[in-house]
Amino acid sequence: MMAFHDHIALKKVDTGKYHVTIHDKYWIVAGPNGGYLAALLANAGDLHINSPNRQLRSLTTHFLSTPKLGEATLTVTTERSGRLVNFLRLELCQNDKTILLGTGVWGLSGDSPSSPNLAMPNVPPPLKCPPINKLTEQPTRLHEQWDIRSAHATEITQASIDELGPDPDLSWWIRPAVQTITSAPLIVAISDALPPPIFVATTLLRFVPTVDLTVHIRADLNTINWPADEWVLARFVTRHVSHGFLEEDGEMWLSDGTLLGMSRQLSVAKYNR
C-alpha cells in the first residue's frame, strides 16, 4: 500500500497548474471520497504558496460533479496576497469540465488570547477502543486506507446507538493505515473519512452526497508534536435536517488535546424510496 502523501501527489506542469490521476483507492458509493478530493486542492495550494510559514487556515470545496477515474487538471490562482494571508482559488477539471471549485486561505501564525479554548471530548484512549473492520453495509476502498477505532469503547451496535442521545454524534480514533507525512491535507482528508453520523439516527438515509465542505486548520503545524503514527480523535455531529439538506460539524484532535481542525459540510439528504 502507498502512503497518503503519495496518493495526493501532484505533478506541476506550469505556474499554478498541476496534473493529477484520480484513482479508486478512496472510492465510496458512486465515486471518490470528498475528503480525498479536497485534500488534492489543499496540496495544490501548499505547492503554489511554497512557504513553510504560510500554512492552510481555511479551505472551502464545492463539489459540482463526480470525477471519473483517470487524468485531471488542478489550477490555482492567487486572488489576493496580503501581509498576513493569501487568498487562493482552486479548480479541478476533467475532460474540460469543472468538477470541484475551492477557495482557500493560507496565513502566518500570530499571537492569540489564552481563552476561550475548546476542550477535547473525554473518551478512552485508542488502544482501549475496539477496531472497526466494517463501517458500511458494502465494503469501500476508502476505509482500506485508514485504521479506525470506535471512541465509544464498544462496537457501534443498535444498543450503543440508542445510548448516544437525540443528536447523531459519533467519535472515532483514526490514522492512515500506512504512515504518512502529517500535514494540513491529511486533516482535510480526515474531516470526511468517516460515515455521516446521520446514519445512526435513521435508516431512511443511506446516501448523503456533499455539496460543500469547509475545513479550518486550528493548530500551528510547524510547532506541534504530531508523529506519523499518532491517532487523531474525530468527532462528528448532525443537529438539523430540513428541506432535503443536512449539516455535519466536525472536530479533530491529537491525543494530547491539541485541536487540529474543525469542519462543517452541507449534504443532500437522499431518502431511500
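Residues are numbered from 1 along each chain as its sequence is written, and side-chain values use heavy atoms, with hydrogens and water left out. As the model is predicted, local features need pLDDT of at least 70 and side-chain atom pairs count only at pLDDT 80 or more, while totals for chains, interfaces and linings use all residues.

**Exercise 1. Cavities**

Find how many cavities of 30 Å³ or more the whole structure holds, and state which residues line the largest cavity.

Step 1. On a 1 Å grid over the protein atoms alone, a cavity is a set of points where a 1.4 Å probe fits but cannot get out; lining residues have an atom within 4 Å of a point. Grid points are joined across faces, edges and corners, and a volume is the space filled by probe spheres set on the points.

Step 2. Count. The search of the whole structure returns two cavities of 30 Å³ or more.

Step 3. Take the largest cavity. Its volume is about 40 Å³, and its lining consists of M1, M2, A3, F4, H7, Y26, Q145, P176, A177 and V178.

Step 4. Sort that lining by class. Ala, Val, Leu, Ile, Met, Phe, Trp, Tyr, Cys and Pro count as nonpolar, Asp, Glu, Lys and Arg as charged, and the others, Gly among them, as polar.

Step 5. A3 lies in the segment before helix 1 (4-7); helices (H or I, at least four residues) and strands (E, at least two) are DSSP runs, numbered from the N terminus. With 7% relative accessibility A3 is buried, where buried means under 20% relative accessible area, exposed over 50% and partly exposed in between (1.4 Å probe, protein chains only). The C-alpha atoms of A3 and Q145 are 8.7 Å apart, although 142 residues separate the two along the chain.

Step 6. Take the second largest cavity. It holds about 40 Å³ of space, and R175, P176, T182, L186, I190, W226, A228, E230 and V232 line it. Strand 8 (169-176) and helix 4 (184-190) are the elements that give two or more residues to this lining. By class, the second largest cavity has six nonpolar, one polar and two charged lining residues.

**Exercise 2. A pocket and a patch**

Describe the second largest pocket and the nonpolar surface patch that includes I28.

Step 1. A pocket is an open set of grid points with protein on both sides within 12 Å along at least five of seven lines. The second largest pocket has a volume of about 580 Å³. It is lined by 20 residues, of which S112, P113, P116, N117 and R218 are the closest to its centre. Eight of the lining residues are nonpolar, nine polar and three charged.

Step 2. Nonpolar patches join side chains (Val, Leu, Ile, Met, Phe, Trp, Tyr) within 5 Å, from residues with over 30% relative accessible area and no salt bridge. I28, V29 and F207 make a patch of about 250 Å², with areas from the Shrake-Rupley method with a 1.4 Å probe.

Step 3. I28 sits in the loop between strand 2 (17-22) and helix 2 (34-49), and is partly exposed at 33% relative accessible area.

**Exercise 3. Salt bridges**

Step 1. A salt bridge is a side-chain nitrogen of Lys or Arg within 4 Å of a carboxyl oxygen of Asp or Glu. The whole structure has eight salt bridges.

Step 2. R235 is in strand 11 (residues 232-237) and E251 in strand 13 (residues 245-254), so the bridge ties together parts 16 residues apart in sequence. E251 is buried at 14% relative accessibility.

Step 3. D249 belongs to strand 13 and R239 to the loop between strand 11 and strand 12 (241-242), 10 residues apart. D249 is buried at 16%, and R239 is partly exposed at 47%.

**Exercise 4. Positive phi**

Where do N95 and D96 lie?

Step 1. N95 lies in the loop between strand 5 (85-94) and strand 6 (97-107), and D96 is in the loop between strand 5 and strand 6.

Step 2. Most residues other than glycine have a negative phi. Phi is near 55° for N95 and near 65° for D96.

Step 3. N95 is exposed at 70% relative accessibility, and D96 is exposed at 83%.

How values were computed:
Patches are made of residues with over 30% relative accessible area and no salt bridge: like charges are joined within 9 Å, nonpolar side chains (Val, Leu, Ile, Met, Phe, Trp, Tyr) within 5 Å.
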